[in-house]
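I opened a notebook page for this structure.

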Amino acid sequence: MESGSRRPLLSAPRGFRDILPTEARELRVIEQALTETFAASGYMPLEPPMVEYSAAQPTQERLIQFLDTDRSLVALRPDLTTAVARLVAQRYRETAGALRLSYFAPVFREEPAMTAGEREVVQAGVELIGASGPIADAEVLALLVESLERCGLRLDGATIQVGHVGIVRRLFAPLAEEPRSAVLSALRAGDLVGALRRAHEAGMPSEDVTRARAALGVIGRGIEQLDGDDVRELRQVVHLARERWPSSVKLWGSPNIGLVPALPYYTAIVFEALHPDVGVIASGGRYDLLIGAYGAPRPATGFAIDVLRLHRALFAEGWRPADARPLVTLHSGGDERATMRCAASLRAAGLSVAIGDVAETAGIALIAAEVVDERRVKLGDGRTIDAATLARELAR
Amino acid sequence: MRFALAQGLLLNDALAALRAIALDVSRVTPGGRRLVVDGGGNVEFVLARPSDIATYVERGAADLGIVGKDVLMESAARVLELVDLHFGACRFVVAAPRGALERSLDEYRHLGSLEVATKYPRVAEAHFRARGLEVEIVKVAGSAEVAPQVGLADWIVDLVATGGTLRANDLAIVEEIAACSARLIANPASYHYRRAEIAPLVEKLADWASRSRSGANQ
């Protein structure tokens, strides 16, 4: 191989990167907080496969695809909600009642080159399948807030925003199905100008276009000017979810009619967690029609947290994980048998021990110790101390 | 709140619009060397190349921006397009040497593909893919209009305002891809998170845009 072409092989492919111990240790802390929070609300972990059939994805955009050996087109999973929907339709066909499922896993999306776009994103989330009504939406919304809070994120009024795709759809009810879906896909892409122009060109009366434009700008208490069952549903879900913290002075859930997530499968309540420095940290909502695409229809709602962005937001707020217990680096005095036994007795006393040097500490404090005999070590300050005493000292 | 403005053709119109909604743009000097300037209140303006505006806003380095729809189409940045400001009107078109349309379609039947030179490969590719035409995109950094004359490509995709450049190079429009004009854009998270600050500006600019448009039509 030419030496010039060898260098690129040393780095990860575009959009993928190595996660080194300092970062990985912090991500583990986040993972643990999230998985414990999910479990405490009855959500069971599952692990869908890394690869799914391309044709089974609700949108073909941004898939990282390749041909399988049987010539079927497959994609690295772009999204876990879709994978869970497919899995539930197949594996829980005969199971009635509510399924509470959770995951913590990477997903893969194509990003344009040279935009610092990441192609691998870690998602943590839950899906509540088979349950409908405001109580189910409120449960999932409250669980998102609780998950972020347990990780240490500071939340305030603007952090969690709640919308309703049904309200948006109703604003464009005068349109036929085809132009209306064009309007909605423009809104999903963030193109308000194009959406309203398409509505106007498809013959929607200009007072309706003006009304839709105004309604899409409604946030917070402004929702009290609107009516309709879907508006009442949105307000009820926010109120119910806030009941999780009945005495809290913080009002973290704010209605936002213009919130239209990029993913196409949402049908009713939708919500996003936003951070001023990082952008969208988590998103979710109700997707009652997605599972029906793979089998019998079932109501469903859920959310996914972008774990790397959550980490970035926590870092921006000055969060650091609690210190891990220090690591004893044990140096042999020449007797290797005694070194092995000494390490074993230190570990038995509850200490973390590495034999020899440790070049990558991931920010963990090191305690250098030299082996004296099977039970005792000599520390840097010259003291000779036994395993149990050292463990007691470091526990303080 | 940071407001990104595209240097170049759109800047004077953008400044006029911002002045009309009572923002203080007095410290912004077109062609000046200071690129980040105070706009009074809590507004700060940043001047950048048009193609960078979309990047600034997409990545949250600026909350709002004014940039041409042409730039947004080519960059495919994920930003919110809030208001059509109507100035800076231009069109993406497909153009071919005058009188050569039949010849190139014949060539397409025999050779199965056409060469298209453009500064806007993403727009060109999306257009021909939607039309179901096989083309080979030849990316050039400038002056696509000379490509057919020198045999670099059969057709071009270019941005035209008046069509004078096309006529001067003996090119005729084959079809229009899209009409473009300046847009007020926002970072999606900023727009939702800082709505209380952003919404009044959006409203005023929308009013200004519809008034200036009906004024221009009279």
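Points are joined across faces, edges and corners, and the volume is the space filled by probe spheres set on them. By this rule I count one cavity of 30 Å³ or more.

The model is predicted: local features need pLDDT of at least 70, side-chain atom pairs need 80 or more, and totals for chains, interfaces and linings use all residues. Residues are numbered from 1 along each chain as its sequence is written, chains are lettered from A and ligands numbered from 1 in the order written, and side-chain values use heavy atoms, without hydrogens or water.

Next I listed the lining, meaning residues with an atom within 4 Å of a point. Among the lining residues are Val165(A), Arg169(A), Leu184(A), Arg188(A) and Tyr266(A). Two elements of chain A, α5 (165–171) and α6 (177–188), each give two or more residues to this lining. I took helices (H or I, at least four residues) and strands (E, at least two) as DSSP runs, numbered from the N terminus. The lining divides into eight nonpolar, no polar and two charged residues.

Then I turned to the two chains. How many residues does each chain bring to the contact? Chain B brings 18 residues and chain A brings 28, with contact meaning heavy atoms within 4.5 Å. Together they bury about 1700 Å², 49% of it on carbon and sulfur atoms. Buried area is the accessible area (1.4 Å probe) lost when the two parts are put together, summed over both. His192(B), Tyr193(B) and Arg195(B) supply 39% of the area that chain B buries against chain A, more than any other three residues.

I checked charged pairs across the contact and counted three salt bridges between chain B and chain A. A salt bridge needs a side-chain nitrogen of Lys or Arg within 4 Å of a carboxyl oxygen of Asp or Glu. Asp191(A) pairs with Lys69(B), the closest N and O atoms being 3.7 Å apart. On the side of chain B that touches chain A, β5(B) gives the largest share, five residues.

Last, I searched the whole structure and found 38 salt bridges over all chains. Arg17(A) and Glu118(A) form one of them, at 3.7 Å from N to O. Arg17(A) lies in the loop between α1 (3–6) and α2 (21–40) of chain A and Glu118(A) in the loop between β5 (99–108) and β6 (120–129) of chain A, so this pair ties together parts 101 residues apart in sequence.

Conventions:
On a 1 Å grid over the protein atoms alone, a cavity is a set of points where a 1.4 Å probe fits but cannot get out, and a pocket is an open set with protein on both sides within 12 Å along at least five of seven lines; lining residues have an atom within 4 Å of a point. Ala, Val, Leu, Ile, Met, Phe, Trp, Tyr, Cys and Pro count as nonpolar, Asp, Glu, Lys and Arg as charged, and the others, Gly among them, as polar.
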